[in-house]
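Let's walk through a protein structure together. Have a look at the model first, and then read on for a short tour of some of its details.

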Amino acid sequence: MPEGDTIYQACQRLHAALAGHTITRSDLRVPKLATVDLTGRAILDVTPRGKHLLTRIEGGLTLHSHLRMDGSWQLYAPGERWRGGPSYQIRAILGTAERTAVGYRLPVLELLRTADEDKAVGHLGPDLLGPDWDPERALRNILAVPDRALGEALLDQRNLAGIGNVFKSDICFILGVTPWLPVGELSEETAARVPGLSKKLLEANRNQPNRTTTGRDRPGQRLFVYGRASRPCWRCRTPIRRAQQGDGSRDRPTYWCPTCQQGPTP
């Protein structure tokens, strides 16, 4: 599931393969970009911003993409078989003499002036893995709506950018509160831990192929609660529970330990 750490890794791979090279093949398969031809332009860099990817191209252009739940960018060598999915799922192809980047199932793909990147990502809060990280501002954003559930506040990219459903569930577990606890009911000490803990977890995973919040690197032991419904809690052995959380239009599966975490539940 793409979150801030996996987007960071994807951008690192794309940047290493493409930056400084000239585009020899350009195919953007969305209606608004169907006639765009980027061949002959150099790729300058590929930069993450929260869960967004910004591919900056010579001539003051940026190709903005977002993976959401199941999108991906894959890299292939010349002659290598493409394996990211059927061809009808391809939304973007950027090829150079050395490598070809193929974007599969991209729900967001747009080309904009680099000077106008804020139109795409300017709404985001401080980036947990970016140079604009500001823990004080992130905490103010989270606490701005006291009756909002902590889980929803963490997922809101306008508060802080990079947390997805996996980190949301496990951050709440580490804090010892349920994702449904209103942020206004957090103790001052617990609230103060949120930005630092969030950054620590994402930074620890930004170069890890296998995401872990427990510090363990064995299958089935890497996460505290996410994806572990009905399995025993690592701390107290109580079965982990699962429920949906959201506004009704974008409910997300959410996991918690009914013993180790205090607060309201569905």
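This is a predicted model: local features need pLDDT of at least 70, side-chain atom pairs count only at pLDDT 80 or more; totals for chains, interfaces and linings use all residues.

Residues are numbered from 1 along each chain as its sequence is written, and side-chain values use heavy atoms, leaving out hydrogens and water.

Helices (H or I, at least four residues) and strands (E, at least two) are DSSP runs, numbered from the N terminus. At what angle do the axes of H5 and H6 cross? Helix H5 covers residues 165-175 and helix H6 residues 188-205; their axes come within 10 Å and cross at roughly 130°. Axes here are lines fitted to C-alpha atoms, for helices over the stretch in contact, with angles from 0 to 180 degrees between N-to-C directions. That makes H5 oblique to H6; under 35 degrees would be roughly parallel, over 145 roughly antiparallel and 65 to 115 roughly perpendicular, with the rest oblique.

Which residues meet? On the H5 side they are Phe167, Ile171, Ile174 and Leu175, and their partners in H6 include Arg193, Val194 and Leu197. Contact means heavy atoms within 4.5 Å. By class, this contact has eight nonpolar, three polar and one charged residues. Ala, Val, Leu, Ile, Met, Phe, Trp, Tyr, Cys and Pro count as nonpolar, Asp, Glu, Lys and Arg as charged, and the others, Gly among them, as polar.

Now for two loop residues. Arg105 sits in the loop between strand E7 (100-104) and strand E8 (108-113), and Ser230 in the loop between H6 and strand E9 (241-245). Neither is a glycine, yet each has a positive phi. Their accessibility is called buried under 20% relative accessible area, exposed over 50% and partly exposed in between (1.4 Å probe, protein chains only).

| Residue | Phi | Relative accessibility |
|---|---|---|
| Arg105 | near 55° | Arg105: 22%, partly exposed |
| Ser230 | about 75° | Ser230: 62%, exposed |

Finally, the cysteines. The whole structure has zero disulfides, a disulfide being a pair of cysteine sulfur atoms within 2.5 Å. For Cys172, the nearest cysteine sulfur is that of Cys257, 13 Å away. Cys172 is buried, at 0% relative accessible area. For Cys233, the nearest cysteine sulfur belongs to Cys260, 3.8 Å away. Cys233 is buried, with a relative accessible area of 0%.
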